[in-house]
Amino acid sequence: MIRDELKTLFLFEALTDEQLDWLARHGRVEEFPPGGTVFAEGEPAEGFYVLLSGTLALSRRVQQDDVETARTDQRGAYMGATQAYLRDDPGVVRTYQASMRAISDCTFFVLSAEDFGTMMRDWFPMAIHLLEGLFFGMRNSQAVIGERQRLAALGSLASGLMHELNNPAAATVRATAALRERVAGMRQKLGMLADGRIQAEQLRALTQVVEPILERAAKAPELSPMQASDREDELDDWLDERGITSGWDLAPIFVTGGIDVTCLADVADRVAPELLELSLRWIGYSLETEQLMSDIEDAGNRIASLVTAAKQYSHLDRASHQWIDVHEGLKSTLVMLTHKLHGIEVVKEFDRSLPQIPAHPAELNQVWTNLIDNAAQAMNGEGTLTVRTARDGDRVLVEIADTGPGIPPELRQRVFEPFFTTKPVGEGTGLGLDISYRIVVNGHGGDISVRSQPGNTRFQVRLPLNEPASN
Ligand SMILES: Nc1ncnc2c1ncn2[C@@H]1O[C@H](COP(=O)(O)OP(=O)(O)OP(=O)(O)O)[C@@H](O)[C@H]1O
Ligand SMILES: [Mg+2]
């Protein structure tokens, strides 16, 4: 009787009468009331289930929630030990991949995984070879692709770093070449001086003029392109009126150095008229060399910070864990970063009763440094930095909160990506949070997340109280 029913299912329609008999003998019929659990995700997959009547639902567990993935009342729908015929291999899953429960009264035809496997292999040997080929072939190519992707990620990391290093390195070379030229020019002017063509007191007057101008240049406000070109025209005219040739190449230098017509008039008052052009050239050289030297300095700093970041990266695998009090690291990091926290109020909300945790202290300091650094930069010298610790179940929570402008929702997902930065070229490498993520998640089995709204951005790090069970 069950035999006749089986014959009506699409799955079994091509079977011979003997085969149907075999199925009827080895299988069984099971019934479940509404709400009844047929099998649960993660349990050993012992049965192959074919729906005869009723409505069922499949669900998977995603963290705390059961998410329904399918619901069907189709006769003949099958689930459970659907991979039972695959040969033994560590890659073959032998547990239920979802939970199944009855929505209405349900009837199933059930074969044990073992019978189902034997039946498939005996009756359809060639099909099994093909299925296995498909299954294992797919898995191997996935493994190869996964490996490739890892290599590609590593490669793009290296090339990102190279790219980042290339700019400041090239800038240094350029600036040094230009500097050499300017210094040669200054030497030449000095030669004229040695020839006695410039009087000593004239020279003194000149050096006295130059110093305040250099100081002023360092503080010169950034001009808009419009303002700059207006200013340049004014200076051009002024230089022309005084018969100073090639004013066109001095004017832009003066503009960048924050020099205006009043300032030039001031210089003209102080030096002898026949020395005006020479003096202005000298000032031009001084401004340029000063600018070039600070370019080189910036590039050097940038290279140094990239190298530090690279070092943080490469040290990650050397982790040796010890039992530490997170407060020690937080306090010393705050001390190290004092210079970046000018104007910012620092609030420490420490839960002193926290137990020690297994961690790599130097790495955690890097995390705190990166988070505090970001917070300080976001607040730009004004606001409150709150460093909070608390116990959160079987984890320690460390929260770095700032009152800066926050992270727009569309960027929140991206901040942990390597080289993602919203800071101007030369200020951020975009590696800070990526490194922190690796340290917390990969290195410590913890978790790092961010909540942000304007005036309240919180980076939360959760670290397990106990050593991870495996490896
Ligand atoms: N506290 C914060 N408030 C606002 N934006 C933040 C904050 N922390 C991070 N961000 C955003 O996330 C981006 C990435 O941060 P990350 O620390 O990875 O790189 P970075 O600070 O730009 O450069 P680096 O840290 O390498 O010098 C930042 O550019 C910034 O836009
Ligand atoms: Mg940063």
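The dialogue below treats a helix, a core and several salt bridges in turn.

Tutor: This is a predicted model, in which local features need pLDDT of at least 70, side-chain atom pairs count only at pLDDT 80 or more, and totals for chains, interfaces and linings use all residues. Residues are numbered from 1 along each chain as its sequence is written, and side-chain values use heavy atoms, with hydrogens and water left out.

Student: Which residues of helix H10 are buried?

Tutor: Buried means under 20% relative accessible area, exposed over 50%, and partly exposed in between, with a 1.4 Å probe and protein chains only. Helices are DSSP runs of H or I with at least four residues, strands are runs of E with at least two, and both are numbered from the N terminus. In H10 (residues 326-336), the buried residues are Val326, His327, Gly329, Leu330, Thr333 and Leu334. They lie on the same side of H10 because they cover an arc of only 165 degrees around the axis, taken from the directions from the helix axis to the C-beta atoms. Val335 and Met336, on the other side of H10, are exposed.

Student: Which members of the largest nonpolar core touch the most other members?

Tutor: A nonpolar core is a set of buried Ala, Val, Leu, Ile, Met, Phe, Trp, Tyr and Cys residues joined through side-chain atoms within 4.5 Å. The largest has 41 residues, and Phe12, Leu23, Met100, Phe108 and Phe109 touch the most other members. Apart from it lies another core of 39 residues, among them Leu330 and Val450.

Student: Which residue forms a salt bridge with Arg458?

Tutor: The partner of Arg458 is Glu399, with the closest N and O atoms 2.5 Å apart. Arg458 belongs to strand E15 and Glu399 to strand E13, 59 residues apart. At 28% relative accessibility Arg458 is partly exposed, whereas Glu399, at 3%, is buried.

Technical notes:
Chains are lettered from A and ligands numbered from 1 in the order in which they are written. A salt bridge is a side-chain nitrogen of Lys or Arg within 4 Å of a carboxyl oxygen of Asp or Glu.
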